[in-house]
Amino acid sequence: MEVKREKLDAPGAPTDFRSRQLLARDMLRGDLEGEALQRYVEERVMTTTMDKAVAWSRGNSLYPLTFGLACCAIEMMSIVAARMDIARFGFEAFRASPRQADLLILSGRVSIKMAPVIRRIYDQMLEPKWAISMGACCSSMGVFNNYALVPSDKFMPIDVHVPGCPPRPEALAHGILRLRDKIQGHRTEGWRERYDAVGTEEVIGDEAGTVAINVFGEGDTAGA
Amino acid sequence: MRPEPSRSTCSAKETPPVPDATELELTAQELRDANAESVLDTDFHRGRATLIANPEHVLVVLGALRSKGYTFLASLHGCDYYPHEPRLGILYELLDMRRVDRITVKARVHTDTPRIASTVELFPGAEFPEREVYDMFGVVFDGHPDLRRILMPEDYEGFPQRRDFPIGGEPVLFTYNDETSYGKWQ
């Protein structure tokens, strides 16, 4: 789906902006009829596929989880501030609950004691969900490569790795925009394809009686 | 109460180390008079006074120092002196708040029998530092009310700050070893 933007006073731009405004006013009043109404509607309808429309809206409204691990979290916080202002792309709503978030930014080093906690948080997030591994520590353990740490690829799927120690806010914003590209366009680059996990999505069952597929039953907390 | 040294200028250079080497020896002798085996040695290095205490009588030493005025346990930490024996050291940094005197008590234990009495009764604030020394060096503090790991996971094996513990670190998954490295997700 393509959004085309034109300057009104640029050469070649529609010059009848005022007449369109009047036309829209007429339509809202209910004054347009027959041929004119037909033409008005046809001018304003855009066709696309459902998948593309959904992917477009998903990619432009990622809600990251409010979750910081270490020094990278400081850089992560600054992407919502005035200089980077990630709200330009629709990612500014940091949610405090994994149930409302669909992006997990691992910002910092992950200790072996923290890894089960993160895995649990990731499992609590609802599909569709994505994860960004930010900084050297949680991708390759960086300068803290010792007995206490574990790289994040070992316990959860990661969609985008952002290198750096720590990455600048621009780098993280670039990583998020790469993730947006992945969500909107190149769907086969997702982690399910890379990890042979196609078909493990949690979906609502269509038969009567089945609540959901690939969802743990009541009382079974092994996966959560 | 001894006369106050001229510390009105608040300059670190002019402040003499307290206790100085003589006073350290006097303190050690005082402790030895009470219990001949309590103090093994003294060390005065770069203005820092250290009593090498017998680990079996460390409570006696600390108790005597506490009643002498060293009422504040500023730090309790461990150290591994590999390859010197006994390998493990437990260091108590004591502070006299009224005279601003600092003294270090060091007790060395073997890795075969890493046991020492807990000082929680004397200094309640030693509870968490002792858990940390147990976590990192494996020193068992007898009489500690709740001796568990404090930083590492409770099912962790080994004591990572010992010198013979491997630095370790998980092998990192890169594209080139994606298939061969163990622990790949799924």
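Let me start with one pairing in this predicted model: strand 1 of chain A and strand 2 of chain A, the latter covering residues 130-134, run parallel to each other and are joined by five bridges. To give you one place to look on the structure, A:Leu106 has A:Ser133, in strand 2 of chain A, as its bridge partner. As a reminder, strands of a sheet pair through backbone hydrogen bonds, and they may do so in either the parallel or the antiparallel sense.

That pair belongs to an open sheet in chain A, which is made of three strands in the order 1-2-3, with parallel pairing. Why does one side of strand 1 and of strand 3 have no neighbour in the sheet? Strand 1, residues 103-107, and strand 3, residues 160-162, are the edge strands of chain A, and because each has a single partner strand, one side of each is left open in the sheet. From one strand to the next, the twist averages 20°.

Now to what lies against this sheet. Helix 7 of chain A, residues 169-184, lies across strand 2 and strand 3 of chain A, and runs at about 165° to strand 3 of chain A.

Stepping back to the whole chain, chain A has eight helices and five strands, and, read from the N terminus, its elements follow the order α-α-α-α-β-α-β-α-β-α-α-β-β. Chain A has 224 residues, of which 25% count as buried. Finally, if we take the contacts in chain A with a separation of 6 or more, 70% of them are between residues 24 or more positions apart.

Terms used: Residues numbered from 1 in each chain as written. Chains lettered and ligands numbered in written order. Predicted model: local features only at pLDDT ≥ 70, side-chain atom pairs only at ≥ 80, totals over all residues. Pairing = 2+ DSSP bridges. Helix = DSSP H or I, 4+ residues; strand = E, 2+ residues; numbered from the N terminus. Axes fitted to C-alpha atoms, helices over the stretch in contact; angles between N-to-C directions. Contact = placed C-beta atoms within 7 Å. Buried ≥ 20, exposed ≤ 12 C-beta atoms within 10 Å, placed from the backbone.
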